[in-house]
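The following exercises are to be worked with the sequence and the three-dimensional model side by side. Each task is followed by a solution in steps.

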Amino acid sequence: MITQTDLHIITLLQKNGRLSYAEIANTVGITSTTAAKRIKYLIQSDIMSVRAMLNPYELGLQAGAFVCAKIELNKQKEIHKKLASNNFITTILSTIGDYNLLFIIRDLSWDRLNYFITDEFALMDGVIDYDCRYIKETVKRYHHIFGDRKSYKIAPDIKQLDWDIIGYLCQDGRASNSDLAKKLGHHVSTVSRRVNALLDQDIIRIQSQPNPLKFGYGSSLVFTARIETDKCDKICRELSRHDEVFLILKTINRPHLIIGVHAEDNEETVRLVNEKLLIIPGIDQEEVFIRSKVIKSSYGWYIDKLS
C-alpha cells in the first residue's frame, strides 16, 4: 500500500535522489529509521527506483535510434541483460507482435551508434531480424527533467572512472560513496569528488522514478505514425497536451513520428489512441507495439502525473 508518507518521500527523491535519511526524516516528520524502512520497501516492492539519468544535452548524445527487433524466445533474458548493461540504452521493452523487442539508444556520434547496432546488437546470438529508425528530434521524453532544449553540447572529456561511477549509479542511485569506492578500488574521497562533479556539471541527475504500473497505468503501447510534413509541429503540440503520452520522437526516415502512450488498461489505451490521438488532422497510424514487460526505463514520470 502506498501511503501519503510514501508519496512525500518519492516527491522529495525526485528533486534529489541522494538525500540522506536524516534530511528526508526532518522534512516529512518521521524518524530516520522509518525513512530508511519506507525507502527500502518502495524499492523492493518495485513502486519506485532511484537511479542516475544521463543528461543527453550535456553529454552531447546527438545520435539516437529507435530499434525494434525479433529475437528468439529462449535468448530473451540473455539479450535483455546485455542491452540493459549499456548506459546509452535508456529504454527496453518486451512487446507483443512481429517484433518482440524495442529499445531506444542515444550515443556520442552516428558512427558509434551505427557500429553498436550493426556490429554488436545485430550479431548477438538470438537476434533474428531488426529495423532501425533514426531519431531526428526528441519532442517529449525527458524535458520534465532536463528542460526543453534543442541543441547538444560537444561531448566532454569523461574519464573512465567517471563512466564506471555512472554505470553503478544508473543501477543504484543511492549507493554510498564508500560502497562505490570499494567496488571501483579507489579512495572514497576521490569517488566523492567525482560524484559531486558529475552532479554539479549536470552530467547526470539522480532521482526517484515511480513505476507507472503501481499508480494505475497498467497498459502501454508504442505506435509509429505517418504524418503530413507541413503539420508536424502542430501535431506534436497537440500530442504533447496529453499526460498519457510519454514519448514523441521525430524520425529521419519514415514513418515521421514514434509515439508512446500509458493508460489504465488495454481498453483505455486503445480508446485514447483511436478517439483522441488518431483524430488529430494529418496523422495516420502505421505500426503498433503493445508492451508486455518493461525491461529498462531511465526517464520516469513525476509523481504529480501519477498521484
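**Exercise 1. Determine how β3 is joined to its neighbours and how far it is covered.**

Step 1. Strands β3 and β4 run antiparallel and are joined by five bridges; two strands count as paired if DSSP finds at least two bridges between them. Helices (H or I, at least four residues) and strands (E, at least two) are DSSP runs, numbered from the N terminus. The model is a predicted one, in which local features need pLDDT of at least 70 and side-chain atom pairs count only at pLDDT 80 or more, while totals for chains, interfaces and linings use all residues. Residues are numbered from 1 along each chain as its sequence is written, and side-chain values use heavy atoms, with hydrogens and water left out.

Step 2. Within this pairing, Ile89 stands opposite Ile105 in β4. The hairpin of β3 and β4 has four residues between the strands, and Gly97 takes a positive phi near 140° there.

Step 3. β3 also runs antiparallel to β10, through six bridges, with Ile92 opposite Lys296 in β10.

Step 4. Seven of the eight residues of β3 are buried, and the strand is thus mostly covered. Buried means under 20% relative accessible area, exposed over 50%, and partly exposed in between (1.4 Å probe, protein chains only).

**Exercise 2. State in which order the eight strands close into a barrel, and locate the helices that pack on the sheet.**

Step 1. The barrel order is β2-β4-β3-β10-β7-β9-β8-β5, with antiparallel pairing. From one strand to the next, the twist averages 35°.

Step 2. Helix α5 (residues 76-84) packs on the sheet and touches β2 (63-71), β3 (89-96), β4 (101-107), β5 and β10. The direction of α5 makes about 160° with that of β3; axes are lines fitted to C-alpha atoms, for helices over the stretch in contact, and angles run from 0 to 180 degrees between N-to-C directions.

Step 3. Helix α11 packs on the sheet as well, touching β5, β7, β8, β9 and β10, and its direction makes about 165° with that of β8.

Step 4. Two pairings of β5 can now be examined. β5 and β8 are antiparallel over four bridges, and Lys140 stands opposite Ile248 in β8. β2 and β5 are antiparallel over seven bridges, and the bridge partner of Cys68 in β5 is Asp131.

**Exercise 3. Explain which side of α11 holds its buried residues, and what they pack against.**

Step 1. In helix α11 (residues 232-240), the buried residues are Cys232, Ile235, Cys236 and Leu239. Because these residues cover an arc of only 100° around the axis, they lie on the same side of α11; the arc is that of the directions from the helix axis to the C-beta atoms.

Step 2. The general rule is that an α-helix has 3.6 residues a turn, so residues three or four places apart point the same way.

Step 3. Lys234 and Arg237 are exposed on the other side of α11.

Step 4. The buried residues pack against β5 (127-140), β7 (219-227), β8 (245-251), β9 (257-263), α12 (266-277) and β10 (283-297), where contact means heavy atoms within 4.5 Å.

**Exercise 4. Judge whether the radius of gyration of the chain agrees with that of a compact globule.**

Step 1. For 307 residues, a compact globule would have a radius of gyration near 19 Å. This rule is 2.2 Å times the number of residues to the power 0.38, and the radius is taken over C-alpha atoms.

Step 2. The chain has 20 Å, which agrees.

Step 3. Other totals complete the description. The chain has 13 helices and 10 strands, and 51% of its 307 residues count as buried. Among contacts with a separation of 6 or more, 77% are between residues 24 or more positions apart.
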